[in-house]
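Colleague: I would like to go through some of the labels used for this model. Please set each one against its cut-off.

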Amino acid sequence: MESMQKETRVFPPSEAFAADAVAKADKYERAQADRLSYWADEARAALSWDKDFAEVLDWSEAPFAKWFVGGELNAAYNAVDRHVEAGNGERAAIHFEGEPGDSRTFTYAELKDEVSRAANAFESLGVTKGDRVAIYMPMIPETIVTMLACARIGAIHSVVFGGFSSDALRSRVDDAEAKLVVTADGSYRRGKPSPLKPNVDAALSAPGHTVENVVVVKRNGEDVEFTAERPDGAKELWWHDLVDGQSAEHAYVAHDSEHPLFILYTSGTTGKPKGILHTTGGYLTQTAVTHRDTFDLKPETDVYWCTADVGWITGHSYITYGPLVNGSTQVIYEGTPDSPHKGRLWEIVQKYGVTQFYTAPTLIRTCMKWGREIPDEYDLSTLRVLGTVGEAINPEAWMWFREVIGANNGPGKPPKEDPAPIVDTWWQTETGAHMISPLPGVTHTKPGSAQAAVPGIDIGIVDELGEPLGVGEAGLLVVKEPWPSMLRGIYNNSERYKETYWSRFGDVYFAGDGARTDEDGDIWLMGRVDDVMNVSGHRLSTTEIESALVSHEAVAEAAVVGAKDATTGEAVVAFVILRGDAEDATGLEQELRNHVGQEIGPIAKPRNVLVVPELPKTRSGKIMRRLLKDVAEGREAGDASTLADPTVMQQIAEDMRAKHGA
Ligand code: PRX
C-alpha cells in the first residue's frame, strides 16, 4: 500500500479554548501510566453504578473480554433518571425537528416518564430481560425511547436502519430471534411520506419467525393496514394505544456490567451481515467519556447535534447513549438536508444555537457542491466544535468545513479569528466508540488526519506479518490492547468473531483499515483493505451486493467494486454476466439497480451496472476485482498477465467507456 498524501497545514487550539477545555493533555499521561486504572477512574466518574466492580478487565478468555467485572448498573437510569434526580429534570434532553417543520422538545423529566411507560408497555407484552427487540424506525424520539426502554428491562435491542429492505429486516429478525418489532407507519423523506409499516408486513409475511407483537408509532398518518389476526400469528398494536396509558413509574433493576445491551448488524466480507454484540458497562463508559472529551462537552450550556441515523453505530453511541448519559441537550432531525431547501441544516443550527455539530464527510462535500452562499446566510456563530465520522475526510472538505462553517460569525460579519476546531473521529461498529481522534483543546489538528489514539487506547500499524512499521510506512491498523467498548462477539457466531478480528496476527485486533503515521506520529487512515466498501460513510459488502445481483433471474455471475466518487467517497460499480437465455435489453441496468435496492436497501444500489461477456478471472477462477476497480475509476487496467484470458479486460474497458464514459 502506498500513500501519496502531503498535507502540511497545522492548526493548534487557541489559548482560550485550551484553557477552558474539558480534556487536557494530562489525560494521555494518566492513561499511559496505568491504562486499567485510568479506565476504572473514568468508569466510576462517568456512570452511576448500583454495585461497584471488583476487577477492571478480565482477559483470561481472550478474545472474549469482560470489563468492570462484578459491577452492576442500568443504562436507562444512567441516561435519564439520574439527571432528574440531580435536579436537571427541566433540562431539554431532545429537541426533535421533523422534516415537515414540526418540532417537539422532551425534557429529561418527560423522557424519564416516557421511557418508563414504554418499559411498562413492553413488559405487558411479555418482553423480559434477555429477549431481543427489533427496532425499525425513523429518526423520531420514540426510537430513542424504545432503545432506552429495552435497556431498562434488560431486553437486547437490534435497530435495523429504516432504509433497509424488508428482506434485510427479516434476516436480522430471524438471526436475533426477535420477539417484538417496534416500527412506525412511516416517516417523511424529501417532503413526501415514506412508509415503513408495509416493509414490516412484507418481512413477516412468511411464517416461521419469532415475532409475537408489532408496535406501530403513528408518525406520518398515512393509512396503514392493521390486521388483528395476522396469518403469521403476530399481533399489531398502535404505540399510543399501548404506551400512553401506562404508568410513568417503572422500578428498574441493575444489570451486570457484561449484560448485552444491543446487537447491531454490519456488513463484513461475506454475504451474511454480522450481529455485532455490545454489552453495558464498558460500552457506556467509553461512549460517555469520548462524547464528553472529543466534543468538549459542557452539558449545562451546550446544544449538541449529530446528523447520523440511529440505524448506525454513530446514532447508538453519539445520539442515544453517549449524549444522554452525559446529560446533554441534543437536536435530532428526521429528514434530508435539502428538504424543503438546501439551507435546512444551517437553519436548524441557527434555530437551536447548536454548539457541536457531528456529521459525515459526504455531507460536507454535498454542501460544498451546493455552494457557501447557502450557509453564509445563517448565523452559525454558536458552533464551537465540529466533528466528522465514517470515512477519511479529504483536506479540501476539511478546510471548507473550518472556514465556511467553523468560522461563520453570522451573515455579513467577518469570520471568527478562532474557528471551531475539527475532530475527525475514527472508529467502527465493532469498536463501539471513538478510538482515534483529536482532543479539541490539546491536539494540533491537520486537515485529513484522525491524529492520535484517544487516551486509554493502544493503536498500532503493522505490516502483513504483524511487524510494527515506522514513520511514513503504510500498513494495517490494529488495536493492541482490549478496550472498554469493544464488541464482545458476533451474535451466535463466536467462531466468526475470532476468525474475522483475531486470527490474522494472534493477539491483536485487526480493524480491516489501512493507515500510516507521519513524522509527528499522527495517524492518517487510508481506507479498507478488505472487500468492504464505504459509500457515504456506510459500510457495504461487495459479496452481499453480488449475491443480491445473482438472485435476479437474468444474472449468472456478478462482481462488484467500490470506485472513487467525488461526493459519496466510494460508489458501487457492478459487472454482471447474463444467463444464456437473458437479453441485455434497455432498462435492464435500472431493473438490476432496483433489484439490489429491494434486496438490501436503496443505499446499496449500484451507480453503474455493466453487462460483460466474461469476468476477469485467474486460472484458479478467482475474480480479479483490482482490475475492475481500475476500469471503474477510469484508469488503464493494471497487470492482467495472470488472467486465464487476458483479452477480457480490453473488452470490459471498451464497454465501460462506451456506456458510462469512464
Ligand atoms: O474504514 C473505516 C471507516 O468506516 C469503517 C467503520 O464503518 P462502520 O462500522 O459502519 O462505522 C462507521 C461509523 C463509526 C472503518 O473501518 N471510518 C470510520 N470513521 C473514519 C473511517 N475512515 C477514516 N476516517 C474516519 N474518521
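This is a predicted model: local features need pLDDT of at least 70, side-chain atom pairs count only at pLDDT 80 or more; totals for chains, interfaces and linings use all residues.

Colleague: What makes F262 and Y321 a stacked pair?

Modeller: Ring centres must lie within 6.5 Å, and planes under 30 degrees apart count as stacked. The centres of F262 and Y321 are 6.4 Å apart with 5 degrees between the planes, so by the cut-offs of 6.5 Å and 30 degrees the pair is stacked. F262 belongs to strand β14 (residues 260-266) and Y321 to helix α11 (residues 313-325), and the two residues are 59 apart in the chain.

Colleague: Why is F262 called buried?

Modeller: Buried means under 20% relative accessible area. F262 has 0%, so F262 is buried. Y321 also counts as buried, because its relative accessibility is 0%.

Colleague: Why is the pair of Y283 and Y321 called edge-to-face?

Modeller: Planes over 60 degrees apart count as edge-to-face. For Y283 and Y321 the angle is 85 degrees and the centres are 5.8 Å apart, so the pair is edge-to-face. Y283 lies in helix α10 (residues 281-294) and Y321 in helix α11, so this pair ties together parts that are 38 residues apart in sequence. Both Y283 and Y321 are buried.

Colleague: How many aromatic pairs are there in the whole structure?

Modeller: A search finds 32. Ring pairs also join W59, F64, W483, Y497, Y501, W502 and Y509 into a cluster.

Colleague: How do you know that K218 lies over the face of W238?

Modeller: The NZ atom of Lys must be within 6 Å of the ring centre and within 35 degrees of the ring normal. K218 is listed over the face of W238 at 4.5 Å from the ring centre, so the distance is within the 6 Å limit. R504 likewise lies over the face of F510, at 4.8 Å from the ring centre.

Colleague: Which residues are closest to the ligand?

Modeller: Of the 17 surrounding residues, the closest are D424, T425, T429, D513 and R528. Helix α11, β20 (422-425) and β25 (523-528) each supply at least two residues of the shell.

Notes: Residues are numbered from 1 along each chain as its sequence is written. Side-chain values use heavy atoms; hydrogens and water are left out. Rings of Phe, Tyr and Trp (its six-membered ring) pair if their centres lie within 6.5 Å; planes under 30 degrees apart count as stacked, over 60 as edge-to-face and the rest as tilted. Helices (H or I, at least four residues) and strands (E, at least two) are DSSP runs, numbered from the N terminus. Buried means under 20% relative accessible area, exposed over 50%, partly exposed in between (1.4 Å probe, protein chains only). A residue is near a molecule or strand if one of its heavy atoms lies within 4 Å of it.
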